[in-house]
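The entries follow in the order I made them.

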Amino acid sequence: MFARLALCSRLPSRIRQSNLCPVSVRKYSQAKFLLPRPHGKSFAHRSELKQAKRIVVKLGSAVVTRGDECGLALGRLASIVEQVAVLQNQGREMMIVTSGAVAFGKQRLRHEILLSQSVRQALHSGQNQLKDMSVPVLEARACAAAGQSGLMALYEAMFTQYSICTAQILVTNLDFHDEQKRRNLNSTLHELLRMNIVPIINTNDAVVPPPVPNSDLQGVISIKDNDSLSARLAVEMKADLLIALSDVQGLYDSPPGTDDAKLIDIFYPGDQQSITYGTKSRVGIGGMEAKVKAALWALQGGTSVVIANGTDPKVTGHVITDIVEGKKIGTFFSEVKPAGPTVEQQTEMARHAGRTLASLLPEQRGEIICYLADLLTEKKEEILSANRRDMEIATASGRLSQPLINRLSLSTAKLNSLAIGLRQLAVSSGNSVGRVLRRTRVANNLELEQITVPIGVLLVIFESRPDCLPQVAALAIASGNALLLKGGKEASNTNKILHQLTQEALSVHGVADAIQLVSTREEVEDLCKLDKMIDLIIPRGSSELVREIQRAAKGIPVLGHSEGICHVYIDSEASIDKAIDVVKDSKCDYPAACNAMETLLIHRDLLRTPLFDQIIDMLRTEQVKIHAGPRFASYLTFSPSEVKSLRTEYGDLECCIEVVDSMQEAVDHIHKYGSSHTDVIVTENEETAEQFLQQVDSACVFWNASSRFADGYRFGLGAEVGISTARIHARGPVGLEGLLTTKWVLRGEGHTVADFSEQGSMKYLHENIPVPQGNLN
């Protein structure tokens, strides 16, 4: 008989969302049930894996077994079962091809042998003192026979926790070569899937003969191991996705662990010649070469494949669900090769060209920036035409809020302003890179310098604001940094033309590759994992985007601010005209900007005064929606809508008004509810103003000036990559200086540390040497 089928007596209903464990319910209660898709063509991109309906999960021996190869890795197996259960309860059809019977049987047989030996010794010796007992080498088929039932019982017990029924199927190579048996197997599996049962499939290792080398038939893969079994099964069952879990991160271009080994993100048919395979894993009869062969065979049959690590404790608990969600895990096999380079290749290209950019003379980098400024005005019609296409698409889709629509828009005035800022930057950036900050005579003929250098490779992720691209590009050029740009798809047409113009300017000195626009379907989270390639991430966009990046970028520094909750405090001694002008400009000039006022703090003594009335009238005239803070609402008989939170960034013609008793209370309010971005005081009392300026711990603090001045261009920086609320490296509008770091250069004549020991002949001097202003190394 080709298969043994074990069914639980109770069949679950088609949908069991109510029976899920609490964790699964919270995370996946909104899951949509998937419809089968036509089979015959594999998915071209990872993002499409979310559509996978029928999925085969292959668990390699190294995944299922413990490190000592005797027994199963129960914790790891439990987390895998939970993920399969979650996907099954989303309406997907899950199948598992598992190893582990031999390891489980070996554990049982070793236990039985040791127990038997101890009993015999006790009977012969008449005492409990046992001699050293050795366990004979156990034959694999016997181990498989002893372990198969226990392995299945374990799976059944685990899946029962999620109200999911399982069935066991054992197969051999002959079951696929015999047409009748193959049809029977196919029918059985389809019936199980129809009843919402998870088939647990394994080779019948108790009777299977040793694999015969090169025994594949024409166009058909032989079942030599569970790699080939899972591939054959996936194609036979027209599965959408095969996930092969092993003990390595995926496929490398050379054996893992070697110095130059790189994980391959996407593998294409025909790339086999570029791969050098290493040894196979500690257990199992397959190796990476067998996995690749099986994966390519499945891919040719219309099934997408991902090879990933199922043993890493950092990812085991979500590796399967992450793959199905399209995250960048392991190696994805695809038949569709993209026209352009991968993001990893783009990063390497940018780093290489960036080093050449850093070595250019300051005048040459200035020429590039000035040429880019000229292109912004010369090509304005092309730029604005692309921007209009983006605006039309965004408006028609209805997915963007009005503040984001406003940020997306470009105009002739904006382009002219950008060009002016770039020229200003080109002039002011001449002596930035390679500037000597400190020079010390450590000892005779031993001099030390601290000089400014580029950070390396920057990743700037921005949404909606295409004017960000030339600003950031110019700053990267001026500071000699390589740059990766990831813009939102809502501005794709505008970003494309702006990047083309940037590369045209860079090509003047042969460094066009130094700035790359990431146009592939890379998720932000995946980009944040390139910690060995990217040196600094700068997010430009909503607070949600910034927080997402800060969470995802565990190994890369992030420069930016998550929110722009800016305050304007009107003191009791404020000028009426100044107060009205500052409040109006701070809120109404550009409400979507991060430096726009969100909360207006008013001294209690100003309530029911002409100043207060004029501010309210002005806000109403400007159609600003007012939300009342708790204290302000208590003073009013009929108040505006009470604010839901005093920590809100509206990004629109809305603001909160709150009442405070003093300047000190305003400072305390700002520290409690602000975001350390920009805060303003309006007063004629210089002493009060100075106290406010000293006490408020924000990146920008102003007196009688609009919060909208918090901008790199308005500060004279020429341009900015963003405003940082961090307390180290750079704070406030981050211009050229914020994109530089330092290195130490020591020049000697064969000096050694031993020369300065007690027995040495030299003494430390540590004398500061004056550094001429504007000095370049």
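Entry 1. I began with two strands, E12 (residues 457–462) and E13 (residues 482–487), which pair in the parallel sense over 6 bridges. Strands here are DSSP runs of E with at least two residues, helices are runs of H or I with at least four, and both are numbered from the N terminus. Two strands count as paired if DSSP finds at least two bridges between them. I noted that leucine 458 stands opposite leucine 483 in E13.

Entry 2. The model is predicted, so I kept its limits in view: local features need pLDDT of at least 70, side-chain atom pairs count only at pLDDT 80 or more, and totals for chains, interfaces and linings use all residues. Residues are numbered from 1 along each chain as its sequence is written, and side-chain values use heavy atoms, with hydrogens and water left out.

Entry 3. I then looked up the whole sheet, which is open and has 4 strands in the order E14-E13-E12-E15, with parallel pairing. E14 (515–517) and E15 (536–540) stand at the edges with a single partner strand each, so one side of each has no neighbour in the sheet.

Entry 4. Which strands does helix H16 lie across? I found that H16 (residues 468–479) lies across E12, E13, E14 and E15, at about 170° to E13. Angles run from 0 to 180 degrees between N-to-C directions, with axes fitted to C-alpha atoms, for helices over the stretch in contact. Contact means heavy atoms within 4.5 Å.

Entry 5. Last, I checked serine 586, found in helix H20 (residues 576–588).
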